[in-house]
There are 2 protein chains.
Amino acid sequence: MPEEFPCRTHCPINFALESFGDKWTLLIIRDLMFKAKQSFGDFLSSDEKISTNILADRLRRLEQLGIVSKATSEKNRSKSIYSLTQKGRDLLPIMLEITRWSGKHDPQTHAPDALLQRLEADTPSVITQITAGWDAS
Amino acid sequence: MPEEFPCRTHCPINFALESFGDKWTLLIIRDLMFKAKQSFGDFLSSDEKISTNILADRLRRLEQLGIVSKATSEKNRSKSIYSLTQKGRDLLPIMLEITRWSGKHDPQTHAPDALLQRLEADTPSVITQITAGWDAS
């Protein structure tokens with residue numbers, strides 16, 4: 001986290017909003033967390049059509065906040081690849097609860113039924129399964 | 001929900017961001033959910049210092065989305081009071097997971113230690129306790 005993080009307040013809800021309270025940041029987290037995307041071009045190709053300048057700004061900010069880390073691709077030394085740090089991975093329960101809420105309240109949701117049923121029945125087991133996959137990789 | 005809800009996509013993360021993806025909306029939800037605030041003036045007095053025009057806009061939007069409902073105060077017929085609908089109350093697990101994340105990652109967090117310990121140990125029981133309070137009221 002940058003030393004100067006000028007939070008309006010340290011209320012936990014506000015702290016989170018200062019970190020990812022905008023229309024785009026959690027889409028990048030989603031792409032990293034669930035869609036195996038890792039490059040600037042990968043994020044740019046998502047259906048919500050983020051612009052290059054917003055994407056560059058949000059990636060820089062996520063790096064500053066220690067939520068995302070950037071490395072040079074081993075296959076192509078001129079390409080950067082991004083991944084979630086532990087702080088970023090810790091957003092998983094929030095992402096799953098958001099999925100559950102939208103699955104319940106968006107009649108046109110694209111959230112898979114099978115996932116929604118598993119979340120409704122036992123969210124902790126979904127978390128355990130996903131984090132086990134991370135630990136194994 | 002308004003008939004025309006021009007979502008970029010119906011990805012569940014995106015749907016949620018279209019509903020509350022900004023720096024202010026979840027602060028109003030927080031005030032309604034945890035701080036027993038219910039009037040325009042109550043929200044305006046919060047420490048993050050929301051402006052009157054943003055507050056009016058966000059309350060109108062939350063009403064349109066069916067997350068908040070507005071009624072006339074019984075004590076003062078010229079005053080509006082706001083409350084969370086069931087769709088708004090369904091945001092509780094998201095709010096608690098956000099609290100847990102910020103409690104872990106903000107060294108200056110104002111989240112109470114006792115709450116963070118309970119969330120870490122057993123979030124479902126915290127949810128049950130809070131929703132039981134709502135059902136009783």
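Reader: Why are H6(A) and H6(B) called roughly antiparallel to each other?

Author: In this predicted model, the axes of helix H6 (residues 92-105) of chain A and helix H6 (residues 92-105) of chain B cross at roughly 170 degrees and come within 9 Å. Axes are lines fitted to C-alpha atoms, for helices over the stretch in contact, and angles run from 0 to 180 degrees between N-to-C directions. Angles over 145 degrees count as roughly antiparallel, under 35 as roughly parallel, 65 to 115 as roughly perpendicular and the rest as oblique. H6(A) and H6(B) are therefore roughly antiparallel.

Reader: What makes the contact between these two helices?

Author: H6(A) contributes A:Pro93, A:Ile94, A:Glu97, A:Ile98 and A:Trp101, and H6(B) contributes B:Pro93, B:Ile94, B:Glu97, B:Ile98 and B:Trp101. Two residues are in contact if their C-beta atoms, placed from the backbone, lie within 7 Å. By class, this contact has 8 nonpolar, no polar and 2 charged residues. Here Ala, Val, Leu, Ile, Met, Phe, Trp, Tyr, Cys and Pro count as nonpolar, Asp, Glu, Lys and Arg as charged, and the others, Gly among them, as polar.

Reader: How do you know which helices of chain B touch chain A?

Author: In total, 37 residues of chain B are in contact with 37 residues of chain A. Helix H1 (12-20), helix H2 (25-34) and H6 of chain B each give two or more residues to this side, and H6(B) supplies the largest share, 11 residues. Helices are DSSP runs (H or I, at least four residues), and strands are runs of E (at least two), numbered from the N terminus. The side of chain B that touches chain A divides into 15 nonpolar, 11 polar and 11 charged residues.

Reader: How are residues and chains labelled, and what limits apply to the model?

Author: Residues are numbered from 1 along each chain as its sequence is written, while chains are lettered from A and ligands numbered from 1 in the order in which they are written. As the model is predicted, local features need pLDDT of at least 70 and side-chain atom pairs count only at pLDDT 80 or more, whereas totals for chains, interfaces and linings use all residues.
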